[in-house]
Amino acid sequence: MATTAPESFPVHEDAHHDAHADHKPAFFQRWFMSTNHKDIGTLYLIFSIFAAIIGGGISGIMRFELQEPGIQYLTWWAEFLGNPAGDFDSALHLWNVLITAHGLIMVFFVVMPAMIGGFANWFVPIMIGAPDMAFPRMNNISFWLTFMGFCSLMMSAFMPGGTGMGAGTGWTVYAPLSTTGSPGPAVDFGIFALHLAGAGSIMGAINFITTIFNMRAPGMTLHKMPLFVWSVLVTAFLLLLALPVLAAAITMLLTDRNFQTTFFTPEGGGDPVLYQHLFWFFGHPEVYIMILPGFGIISQIISTFSRKPVFGYLGMAYAMVAIGVVGFIVWAHHMYTVGLSVNEKMYFTAATMVIAVPTGVKIFSWIATMWGGSLRFTSPMIWALGFIFLFTVGGVTGVVLANGSIDDNLHDSYYVVAHFHYVLSLGAVTAMFAGWYYWFPKMFGVWHSEFLSKLQFAIFFVGVNLVFFPMHFLGMNGMSRRYPDYNPAFELWNWVATRGYEIMAISIAVFFANIIYAIVVRKKAEGNYWGEGATTLEWTLSSPPPFHQFETLPVIDDKAGAH
Amino acid sequence: MAGTKNHDYHILPTDPWPFITSFSALVSTTGLALSFHDYPFGTYLAIAGFIGLIISMFSWFGNIIKEARAGDHTPVVQLHQRYGMILFIASEVMFFVGWFWAFFDFALFPSELTEVVGGVWPPEDIHAVMDPFDLPLLNTLILLCSGTTVTWAHHSLIHGDRQGLKQGLWLTVILGVLFSFIQAYEYMHAPFPFGQNTYGSVFYMATGFHGFHVIVGTIMLIVCLVRAYKGDFTPRQHFGFEAAAWYWHFVDVVWLFLFVAVYVWGGWGATIH
């Protein structure tokens, strides 16, 4: 812990020393050479929104293609993106490219940059009373590596990748489709995109762990840290330990593709299932990496607008630790149909079900926090309530899928698609919007419209449920994921899901309208605009906070409830 | 900017190198991906990217050394660096876990399906393996020995013996370079090719990545040696040296696992070259 020793730091007693804290560098330096956690957080948020437009646009193309059986628009899009005219194979390949790009963009370039890069960068240092991150330059390279990874992924769409342009491997990049099945450089560009973004995330993880362990203000013990900081700490450990295994796995893909190694090639004794093990050893912690910061955001919001500390604070913190630890030993529940032995399936079923326990602790503690609280239904609170409901729906279908015997039937069906979109696009993304409206005036100093935020929630809630709830029915009835065409019997619910997408798209228009409202109206936000109940350190600062906050470290009172 | 700051943390001015480094990384991966598929200029692009990366690292790390000399590395900042290095090494450990996972999968459950492997390890197609108690054992001793010489250098540094520091570092660097040369010699005379079956794949990739880490560690130690001659490092503050030493021990431990698992156990009972 840093203790302040003012005598060792001669303070410049010049006239404008107040201005120092708010002195901002010139435009280019500020945004391309930044070493400021708040500016880098803003960069991440802008990047995430930009990537979400592309990733969400891709899901629009997919949804409209799927609204009726047969191939509608794919041939046109394939030609538009540079494939030979009328080539049916390249149209079908484009479908694979779309699902791949949608998955990779949403996971690596939307949710992770927004949650960890954006909100955590902005608020972890502030919440623990630190002036910045431990490694400000490394913070910046984390962002730019993520950005360059995105560039590499975008370039891959315009490279030959087999029967058409682009990497069409699925976000899991399974061999042998990703090795012998995808000649041409597109998949190599995709693999390097993951290398670049992964390196950025590992450095980000090192930065967050070091910051949280070493830069807490005097009196801010681990057990007083706000739950959002706890969630980021656990997330950072998952990133640190899971991503290097992915790096090894995709490096094996790279050498299998280009240098005649046979890691995943049966002709040389290799094993495609090994890739799946390595991938999901990373992939399962990865899904917790996406949701844990959301848990943290929701805890802050529920507590603030119930005007109560979170119920069972320590239980909430250690529930996240438990989810993180157990998350490393359940990976093969993604692989029930590869030919695992019954014993392996029994183990992974049981271990997976165990995760429902700490997750249940969290859900019930949020409800218990609200119980008897003095509730205020502000826009972030409404998004948070929506999160609790939607995430629980995704959670219970997760318990269904955890059963190896049931998953034999549901594997790779739309039931799985419904499940993970309920926890991610309806869980993690809802948490992102909750955090966005909770902190928007804090980050940018001006108010969004509470009315538009609530309107967006109402439309979004209807839209996403219409998109994804019918997918449960489709999956139960045997519709497989990752195909552009389907049995006409599935037409009704696909039509409904596409209408749901349109409604959801309107809610995104309201989101942008809200940003425009904030820019145009410029209604100034006070320091603690949520008033009583908002107790974490960001509410002790102005909105937006000074360019360098806490030039004198805050001291946390023994009795004050930091959480 | 640090005019009014009232704490021991290191608040940095804006810096161009993160962006330049990232861009160089993108140029080199783009060049590599293109060169894999024989596109024109792919190799040149990759080389340009690597040059950019080397310049970036040289400047960035050089700046850190300058900041250390300027006294920016207060005790708490040094603690950050320690955490950072330990966490970086932890992530490196997990990277090698991936390679060992592949190795043990292939060795414990050799493929039954093909005559290439035939359900045995080393695979049937591998007619001879390296004698683990020949050059690999020598390399093990060299690395273990270098672990002691770097500790010698460290103790000399702590006790203010600059001569011992330099001697210990020289020996460590020489042993590190020797290891790399012996490894290269071993690769050139290996009785099995790179790739083509699981043995050749996992052997060369696992030991190759280890060798790459040895080279990186050697470069770190060479930088420490140069800095020792320039008069850097004090008995109380020498984290650059410690980071290099930690990394060197990490590389050493990985080798011990490779030696025991891949060379000795993984080649047990096979014909020796």
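Predicted model: local features only at pLDDT ≥ 70, side-chain atom pairs only at ≥ 80, totals over all residues.
Residues are numbered from 1 along each chain as its sequence is written, chains are lettered from A and ligands numbered from 1 in the order in which they are written, and side-chain values use heavy atoms, with hydrogens and water left out.

Chain A and chain B bury about 6300 Å² between them; buried area is the accessible area (1.4 Å probe) that two parts lose on being put together, summed over both. Of that area, 73% is on carbon and sulfur atoms. The interface of chain A and chain B also has 13 residue pairs in polar contact, both residues being at pLDDT 80 or more. A polar contact is a pair of N or O atoms within 3.5 Å; within protein, one must be able to donate a hydrogen and the other to accept it, and residues adjacent in sequence count only if both atoms are side-chain atoms.

Now for the charges. Side chains of opposite charge can pair when their charged atoms come close. A salt bridge is a side-chain nitrogen of Lys or Arg within 4 Å of a carboxyl oxygen of Asp or Glu. The whole structure has 11 salt bridges over all chains. One pair crosses between chains, from Arg137(A) in helix H6 of chain A to Asp15(B) in the segment before helix H1 (17-36) of chain B. The closest N and O atoms of Arg137(A) and Asp15(B) are 3.8 Å apart. Are these two residues buried or exposed? Both Arg137(A) and Asp15(B) are buried, which means under 20% relative accessible area, with exposed being over 50% and partly exposed in between (1.4 Å probe, protein chains only). Together with Glu67(B), Arg137(A) and Asp15(B) are linked in a network of salt bridges. Across the interface of chain A and chain B, two salt bridges are found.

Other salt bridges lie inside chain A. Arg307(A) and Glu532(A) meet in one at 3.8 Å, N to O. Arg307(A) lies in the loop between H9 and helix H10 (313-326) of chain A, and Glu532(A) in the segment after helix H17 (491-521), so the pair ties together parts that are 225 residues apart in sequence. Arg307(A) is partly exposed at 36%, and Glu532(A) is exposed at 59%. Lys345(A) forms a salt bridge with Asp408(A), with the closest N and O atoms 3.0 Å apart. Because Lys345(A) lies in helix H11 (residues 342-354) of chain A and Asp408(A) in helix H14 (residues 404-410) of chain A, this pair ties together parts that are 63 residues apart in sequence. Lys345(A) is buried, at 16%, while Asp408(A) is partly exposed, at 39%.

Conventions. Helix = DSSP H or I, 4+ residues; strand = E, 2+ residues; numbered from the N terminus.
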